[in-house]
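Subject: Handover of the model

Hello,

Please find the structure below. My notes on it follow.

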Amino acid sequence: MASVMEIYQLLPKTNCKECGKSTCMAFAVDLLSRKVKVGDCPPLVREDKYKANYEKLSGMFTPVDNVTETGLIVHADKCIGCGNCVVACPVNVAADPMGAGSGKAPTCDRIILKVEDGIVKAMNVQECRRFGENKILCVACIDTCPTKAIEFV
Amino acid sequence: MGFGQFLSAPETKLRIVTYRDVFQDSAKVASIFGEDYEKLSAVIKLDPQDISKLSIKEGDTLILKNSFGKVIVKALNSGYDHSHTGTAYMVNSPWSNALVPEDSGGTGVPDFKDFEVLASSAKGGKVTGIKEII
Amino acid sequence: MENDYYVCTGCALLCDDIGVELEGGKLNKVHTACRKGFAFMKGCTNPMECAVNGERTDIDSAIKEAASILRNAERPLIFGHANSSSGAQKKAIDIARKTNGFIDDTSSFCQGPMVEAIMEGKLKTCTLDDVRHKADVIIYWGADPANSHPRHMSRYSYFPRGKERQRGWEEDRTAITIDVRKSDTAEICGQNGFYQIPVKGDAEFMDAMVSALSGKIPKTSYDLDKKKLLELASILKKAKFGVIFAGLGMVYALDDREPLYKLMDKLNSVSNFHLIPMAGHYNMRGFNENLFEETGYINRVKFSGEEVLHGPEYSVVEALRQKAVDAALVIGADPLSSLPRSVVRYLEEIPLIVIDPCHTLTSVKANVTIPCGLVGVETGGSAVRMDGIEIEVKQIVDTDRLSDEEIMTRISEAL
Ligand code: SF4
Ligand code: SF4
Ligand code: SF4
């Protein structure tokens with residue numbers, strides 16, 4: 001994913017406040033965490049001279065309708081269903097050591113990630129280590145993905 | 001079309017290395033005659049420097065030819081962080097196979113993964129369709 | 001539960017833990033198969049019809065016509081086999097024998113040399129289950145399983161915990177990619193685990209590794225990070241159970257196997273290394289083993305009465321280039337898609353029979369097309385995984401199409 005700076009560079013950088021934020025930088029930060037959409041910046045949509053940047057940004061932020069409570073997003077178009085994340089996820093390993101946690105078909109339904117119709121599906125996301133009281137910055141599913149199909153926002 | 005149009009397109013020699021891609025493979029089992037398969041197959045991935053050397057833009061079409069065949073494919077930026085000028089990547093497909101040298105030196109194994117082509121801008125020419133290859 | 005699992009024939013991993021949900025006799029949901037496997041099981045959108053010279057016909061007439069083409073030919077080519085069941089492969093060998101034909105499969109221009117070396121005992125090998133339970137150093141050489149065998153790393157080679165690898169991949173395993181480009185697999189191995197070599201630089205790299213393993217300064221004609229290579233040597237030396245997955249990148253880059261033999265010898269004198277060829281199609285290895293059993297050769301065979309001839313001149317590529325064959329039966333492969341255009345053009349000049357579930361580039365040019373069921377979904381059979389383990393493949397849904405084995409049996413009988 002792009003950095004805040006890269007996103008900022010593509011915005012009008014006029015701090016016009018039309019989006020309701022105080023600066024373009026603030027908008028960039030919210031965009032990165034997907035609190036706002038690219039189209040929420042009126043001049044970007046309206047003015048021809050920003051057209052190229054608008055398209056670039058839209059390409060970077062393809063709409064996702066399956067953001068989970070923990071912010072876990074699976075980019076289904078990128079996922080190859082390899083199951084790397086499934087076997088790497090510590091929650092999967094704890095819940096189903098001989099099945100999903102061993103790279104095989106899941107044998108219980110308390111796991112977070114599994115592959116269905118060739119693409120990974122997230123469930124029980126409240127169990128994710130990034131969530132809840134003792135949350136940690138787990139990156140097991142991100143690091144093992146060959147196509148960067150999993151993202152947290 | 002003036003004569004000059006043919007003169008001005010710079011030609012570049014490229015070494016082609018082929019590879020596999022799971023999305024393209026999946027499209028193939030759905031239908032080798034399908035649009036998706038063509039879209040994912042008829043492409044060549046170039047170093048940005050080669051793209052400018054050919055005076056084309058990413059997404060333009062390129063004519064690739066050698067004494068074994070000729071195809072038109074879409075040029076893409078490889079996106080690799082190392083420079084690889086003079087070498088370009090093509091996914092293994094009927095498009096790449098149209099250019100693979102037939103002479104296997106008697107070994108029975110053609111050079112699928114390493115061969116040379118001459119590339120030049122197709123000046124907007126359409127990508128070769130699968131039916132034209134066979 | 002156990003019995004409800006099916007086998008995916010999408011690649012030579014033959015994953016045998018696939019769950020399915022059916023609706024109205026059709027696949028509705030597929031569990032645990034990867035993107036490629038799911039696409040494979042769902043089947044194609046362009047099934048092949050039963051036809052003779054472009055006219056639709058019934059299966060009996062098509063089989064009769066196929067048999068008559070083969071009977072009238074003096075030197076037919078029976079080619080393909082990588083995507084067909086072992087039963088069909090054995091019948092194909094019968095047919096080649098009966099017709100004094102050439103028989104060859106896709107390994108002829110793919111993993112053949114590696115499989116041959118293994119069957120002849122020249123390379124030490126192991127099973128994928130060994131890898132999963134024991135391997136601590138895993139090398140993907142000219143191989144990109146993330147694209148060719150998507151579940152390779154998650155099921156066997158890197159991520160799963162195994163009997164002697166309980167602590168998971170971060171602590172217990174080291175994965176290394178040696179390749180000409182930074183593939184998706186290389187991305188997973190990280191900067192430290194990726195060794196980039198020039199195109200066709202494999203043999204030299206093997207020599208350099210042998211030097212490094214012998215404590216000598218490695219030399220190559222190309223630029224190489226010597227320090228990194230020495231680090232690699234020390235990782236390999238410490239390996240308790242090492243495995244090299246040989247991909248097509250390695251196979252095509254080697255003019256002969258000597259440098260690889262030398263490297264494997266060296267590795268096995270300092271530690272413990274195995275090699276598994278990354279067979280692509282689900283039953284290529286099966287064909288190699290079946291033909292080996294019958295003839296002592298894994299591919300590139302011509303029958304001539306009692307005699308069995310073998311050599312590069314009997315390879316599919318040379319047979320077509322030299323126009324040495326006068327008819328062809330293609331099953332479980334699509335040579336028009338996978339071979340150089342200039343080589344396969346000759347197929348259009350001779351009577352051609354294609355047996356496949358789907359239309360292929362080859363079937364477009366065929367005189368006789370006979371549709372068969374999709375093995376692993378519509379019909380069963382057996383197949384051999386990339387590591388040589390035989391796997392029983394079950395039928396999932398009903399079909400009115402014959403299995404590839406039934407079709408080959410009937411052609412053989414009609415000869
Ligand atoms: S962040 Fe960790 S716990 Fe959460 S889904 Fe990914 S691997 Fe599992
Ligand atoms: S690791 Fe990535 S590509 Fe593989 S199944 Fe998980 S999300 Fe999909
Ligand atoms: S890795 Fe191969 S055998 Fe396993 S599910 Fe994917 S395509 Fe099928």
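A definition first: the radius of gyration used here is taken over C-alpha atoms, and the globule rule is 2.2 Å times the number of residues to the power 0.38. Note also that this is a predicted model.

**Chain B**

For the 134 residues of chain B, the rule gives a radius of gyration near 14 Å for a compact globule. Chain B has 15 Å, so the value agrees with the rule. Along the principal axes, the C-alpha atoms of chain B fill a box of roughly 40 × 35 × 35 Å.

Chain B has six helices and six strands. Their order from the N terminus is α-β-α-α-β-α-β-β-β-α-β-α. Buried residues make up 54% of the 134 in chain B. Take the contacts in chain B between residues at least 6 apart in sequence: 75% of them join residues at least 24 apart.

The accessible surface of chain B is about 6000 Å². Carbon and sulfur atoms hold 51% of that surface. Chain B carries 15 positive and 17 negative charges, and their mean positions lie 4 Å apart.

**Chain C**

Chain C has 415 residues, for which a compact globule would have a radius of gyration near 22 Å. Chain C has 22 Å, so it agrees with the rule. The box filled by its C-alpha atoms is roughly 65 × 50 × 35 Å along the principal axes.

The secondary structure of chain C amounts to 19 helices and 18 strands. Of its 415 residues, 64% are buried. Among contacts in chain C with a separation of 6 or more, 69% are between residues 24 or more positions apart. Chain C exposes about 15100 Å², with 44% supplied by carbon and sulfur atoms. The mean positions of its 50 positive and 60 negative charges are 6 Å apart.

Now the sheet. Chain C has an open sheet of nine strands with mixed pairing, in the order 4-3-16-15-14-5-6-12-13. Strand 4 (55–56) and strand 13 (307–310) of chain C are its edges, each pairing on one side only. Within the order, strand 5 (residues 76–80) and strand 6 (residues 102–105) of chain C run parallel and are joined by four bridges. C:Leu77 stands opposite C:Phe102 of strand 6.

Which strand of chain C is largely enclosed by the rest of the structure? Strand 11 (residues 273–277) of chain C is, because five of its five residues are buried. In a regular strand, side chains alternate between the two faces of the sheet. Here C:Phe273, C:Leu275 and C:Pro277 point one way, while C:His274 and C:Ile276 point the other way. Strand 11 of chain C pairs with strand 10 (residues 242–246) of chain C in the parallel sense, over five bridges. C:Val243 is opposite C:His274 in that pairing.

**Chain A**

One hairpin here deserves a look. Strand 2 (residues 113–116) of chain A runs antiparallel to strand 3 (residues 119–122) of chain A, with four bridges between them. A:Val115 has A:Val120 as its bridge partner in strand 3. Two residues lie between the strands, and A:Asp117 takes a positive phi near 50° in this hairpin.

Is strand 2 of chain A covered on one face or on both faces? Both: A:Leu113 and A:Val115 are buried on one side, and A:Lys114 and A:Glu116 are buried on the other.

Best regards

Terms used: Residues numbered from 1 in each chain as written. Chains lettered and ligands numbered in written order. Predicted model: local features only at pLDDT ≥ 70, side-chain atom pairs only at ≥ 80, totals over all residues. Heavy atoms only, no water. Buried < 20%, exposed > 50% of the residue type's maximum accessible area, 1.4 Å probe, protein only. Contact = heavy atoms within 4.5 Å. Areas by Shrake-Rupley, 256 points an atom, 1.4 Å probe, with all protein chains shown as cover. Lys, Arg positive; Asp, Glu negative; His and termini not counted. Charge placed at Lys NZ, Arg CZ, Asp CG, Glu CD. Pairing = 2+ DSSP bridges.
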